[in-house]
Amino acid sequence: MSDALQTYFQRVIDYAPSMIESMGETGIMMIFSTLAAILLGLPLGTFIFLTSKNRPLENKFWNQLMNIIVNIVRSFPFLLLVIVMQPLIRATYGRATGDPIAASFPMMVISIALYARFVEQSLLDLPKEITETAQAFGATTPQYVFKFLFVEARSSLIIGFTTAFVSFISYSTIMGAIGGGGIGDFAIRYGYHRYETDIMFTAIIIIIIFVQVFQWAGLKLAQKLDKK
Amino acid sequence: MIEFKNVSKIFASKAGPLLAIDNISLFIEKNEIFGIIGESGAGKSTLLRFINALETPSEGIVEVNGTNVATLNNRELRLFKKQIGMIFQQFNLLGNKTVEENILLPLELHHYDDALDIDQILKFVGLEGKRNSYPSELSGGQKQRVGIARGLITRPKILLCDEPTSALDEITKREIVDLLTRVSETFEITILIVTHELDVVKDLCNRVAILDEGKLVDVLEVSREMNAFQSDVSYQELAREVLLNE
């Protein structure tokens, strides 16, 4: 038994450099996804909320257009979205496969759409009194967003982001299937093509631990910021 | 000061158009405490909300200090709202902001030259010790005190009160009535109160408009003879008074 364990550890040590490299690639994809979600998904979700009925920027055309785009992206089977986007990625980045930055393009698209929906939902959950108060005090739309909506929704925005982030990890493994690298690629190479399941499970356990820690930290932060 | 000229409001509802306000004309004097009473659905909140444009009349004119509210553009409307404070039935405080941050919120939205001092207003509403508390740590009465402080910090010319005591118990209600009385004595301010509670308008108002199904039924001068209440009466004493005397 101890021999088997020793062999296992030896194998893990042998494979560690390529596992770490794969995790680094996943990390790159996650960073791009996170940036896209926060810098573009948050404003997009807020925009959809603000343009909906009885909101300050009520505009049926823009609201429906953005809703349709978000729905299309979210309902697109992710692997097919990646393939459909390839010509576009090649045109803008020069190559469509083979490195984590190329792989980040479809990841960013899905991240924006996914988090925008979470943001919209968080804002819809706020009581209407908040809007009424901002209007009564003569707040501008930016003041309404930053001094009222985001203040009151901050915990649910963080929890929504945590949930979205865990989905990003799942999406990132699909990138491995088309040569995007990352931990998904690692699992396919060793677990699927070479039947080295011990190494694959090690990678899976590391991902699970990472997700658990991230979820826990997100929840703690949300609780700390929630004074309601 | 505030004048409604033949105002009407029609809401679209599933059952067809609903006449919420039916051709009301009314004048409210400067520094008056004016009550608007009526049963639920009488249109009193709608009438109040015409004043700060939270609702717009379908017909008629609402004038505040000679300004026709309907003619203001967005920017003018925001500036116009600087002179109006508002307090709400559900207090409408931001749960993630402290008492102090909630009270100071209106000052973050506009520049005011002669806003009140935070210490001064906290003392006035009796919340000096709660400055750093969050609304979730306060009682209903304390939350409404924060609401009133937030409404007053800008030294508004008009204070709109939408069912300010309806979510409160009997004792707390009297405390808030007492506080609003002090507000009117201390500041040069016109106060409008929408409520369905007769004792509140009796204790507080100079004049009262009675609304029924969107129509103005009557405007009464409030008799002051028997309005004196003791704000220091205990809950038990109040209960005894109410239960044994009626």
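Mentor: Let's look at chain B. Of its 246 residues, 39% are buried. Buried means that 20 or more other C-beta atoms lie within 10 Å of the residue's own; exposed means 12 or fewer, partly exposed is in between, and the C-beta atoms are placed from the backbone. This is a predicted model, in which local features need pLDDT of at least 70 and side-chain atom pairs count only at pLDDT 80 or more, while totals for chains, interfaces and linings use all residues. Residues are numbered from 1 along each chain as its sequence is written, and chains are lettered from A and ligands numbered from 1 in the order in which they are written.

Now the parts list. Chain B has eight helices and ten strands. Both are DSSP runs numbered from the N terminus: helices are H or I with at least four residues, strands are E with at least two. The radius of gyration of chain B is 18 Å, close to the 18 Å from the globule rule for 246 residues, so chain B is as compact as a globular protein of that length. That radius is taken over C-alpha atoms, and the rule is 2.2 Å times the number of residues to the power 0.38. Along the principal axes, the C-alpha trace of chain B spans about 50 × 45 × 35 Å.

Next, contacts. Two residues are in contact if their C-beta atoms, placed from the backbone, lie within 7 Å. Take the contacts in chain B between residues at least 6 apart in sequence: 71% of them join residues at least 24 apart.

On to the strands. Strands of a sheet pair through backbone hydrogen bonds, either parallel or antiparallel. Here, two strands count as paired if DSSP finds at least two bridges between them. One open sheet of chain B has four strands in the order 2-1-4-5, with antiparallel pairing. Strand 2 (16-28) and strand 5 (67-68) are its edges, each pairing on one side only. Strand 5 is joined to strand 4 (residues 59-64) by two bridges, and the two run antiparallel. In strand 5, B:Asn68 is the bridge partner of B:Glu63.

Strand 9 (residues 207-212) of chain B has a parallel partner in strand 3 (residues 33-37), with four bridges between them. There, B:Phe34 has B:Arg207 as its bridge partner. Strand 9 also runs antiparallel to strand 10 (residues 215-221), joined by six bridges. One pair of bridge partners is B:Ala209 and B:Val219, the latter in strand 10. Strands 9 and 10 make a hairpin with two residues between the strands, where B:Glu213 takes a positive phi near 45 degrees.

Most residues other than glycine have a negative phi, and most peptide bonds are trans. B:Asn92 is not a glycine, yet its phi is positive, near 55 degrees. B:Asn92 lies in the loop between strand 6 (84-87) and helix 3 of chain B.

Now see where chain B meets its partner. Here 21 residues of chain B are in contact with 17 residues of chain A. On the side of chain B that touches chain A, helix 2 (74-81) and helix 3 (99-109) each supply at least two residues. Helix 3 gives the largest share, four residues. By class, that side of chain B has nine nonpolar, seven polar and five charged residues. Nonpolar covers Ala, Val, Leu, Ile, Met, Phe, Trp, Tyr, Cys and Pro; charged covers Asp, Glu, Lys and Arg; the others, Gly among them, are polar.

What is that partner built from? Chain A comes to eight helices and zero strands. Its C-alpha trace spans about 75 × 45 × 25 Å along the principal axes. Of its 228 residues, 37% count as buried.

Finish with the core. A nonpolar core is a set of buried Ala, Val, Leu, Ile, Met, Phe, Trp, Tyr and Cys residues joined through C-beta atoms within 7 Å. The largest one has 107 residues, and A:Met107 and B:Ala149 have the most contacts inside it. Helix 4 (residues 100-124) of chain A supplies the largest share of this core, 15 residues.
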